[in-house]
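Let's take a friendly walk through a protein model. Have a look at the picture first, then read on.

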Amino acid sequence: LDQPDIWQELLHPEDRETELAAHDHHNATGEPWQREYRLIASDGREVWVSDHGELVADAEGQRWLGVMLDITPRKDAEELLRLANDELEMRVLTRTTELEDANEMMSLEIGERRRIEAELRAAQRMEEALESITQAAALYPDDPRAAFGLAQISFECWRPAAALFAHARTLVPGNLDLIRNHALALAAEGDGAGARRLLEATLK
């Protein structure tokens, strides 16, 4: 600070305006000086310094006394750490994006699997319905009404079972309608077990 012209010439161009303003401020107020900025060395290198100074008074008047330390190694380490953190954040962001994409693909695959499973269940139910109709028609070839009632009971209240068809001939069409309607009513109310018990009791 005793040779401001030389100091000004050594200031890094990007720091010059800020540091000159700070220099004027501290000269005007006498507040202690503690700043970090860059200088340009004689070989053109960029050097970071930590500049500390205080205004002291003695017999010769007031003057600035202080110390200037080369902190370039520390600044270089901080820059390397910043770059490493930036790279780590980028890797985390990339990995997060990859995981989000993988989760989206998994959700799509799960949705597709559920759709296929639903279609498979529907196909199986269709096969069961056709099997019920075929077997009931074979048991009642001359009575479509009785055959339909028997097939509906088998399909909607109780999956096709050998016992149901083995004893079906003991039922007359009128009784079959009553049993079917009652069983379907129980099933509609969520009482599937009651519908099965009704059928089992009827077929004993």
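Here is a short tour, from the overall layout down to a few side chains.

## Before we start

This is a predicted model, where local features need pLDDT of at least 70, side-chain atom pairs count only at pLDDT 80 or more, and totals for chains, interfaces and linings use all residues. Residues are numbered from 1 along each chain as its sequence is written, and side-chain values use heavy atoms, with hydrogens and water left out.

## The overall layout

The protein has seven helices and three strands. Both kinds of element are DSSP runs numbered from the N terminus: helices are H or I with at least four residues, strands are E with at least two.

Of the 204 residues, 27% count as buried. Buried here means under 20% relative accessible area, while exposed means over 50% and partly exposed is in between, using a 1.4 Å probe and protein chains only. The protein exposes about 14,100 Å², and carbon and sulfur atoms supply 55% of that area. These areas come from the Shrake-Rupley method with a 1.4 Å probe, and for residues only the protein chains shown count as cover.

Now for contacts, meaning heavy atoms within 4.5 Å. Take those between residues at least 6 apart in sequence: 43% of them join residues at least 24 apart.

## The sheet and its helix

The three strands make an open sheet in the order β1-β2-β3, with antiparallel pairing. Two strands pair if DSSP finds at least two bridges between them. At the edges sit β1 (33-40) and β3 (61-70), each pairing on one side only. On average, neighbouring strands are turned by 30 degrees against each other, direction ignored. Helix α2 (residues 13-29) packs on this sheet and touches β1 and β3, with its direction at about 150 degrees to that of β1. For these angles, axes are lines fitted to C-alpha atoms (for helices, over the stretch in contact), and the angles run from 0 to 180 degrees between N-to-C directions.

Zoom in on β1 and β2 (residues 46-58): the two strands pair in the antiparallel sense over eight bridges. L39 stands opposite V47 in β2, and R38 stands opposite W48 in β2. In a regular strand, side chains alternate between the two faces of the sheet. The two strands form a hairpin with five residues between them, and G44 in the turn has a positive phi of about 90 degrees.

## Rings that meet

How many aromatic pairs does the structure hold? There are two. Rings of Phe, Tyr and Trp (its six-membered ring) pair if their centres lie within 6.5 Å; planes under 30 degrees apart count as stacked, over 60 as edge-to-face and the rest as tilted.

W7 and W33 are edge-to-face, at 6.0 Å centre to centre and 70 degrees between the planes. W7 belongs to helix α1 (residues 4-10) and W33 to strand β1, 26 residues apart. The rings of W7 and Y37 have centres 6.0 Å apart and planes at 85 degrees, so this pair is edge-to-face. Because W7 lies in helix α1 and Y37 in strand β1, the pair ties together parts 30 residues apart in sequence.

Ring pairs link W7, W33 and Y37 into a cluster. Are these residues buried or exposed? W7 is buried at 6% relative accessible area, W33 is buried at 2%, and Y37 is buried at 1%.
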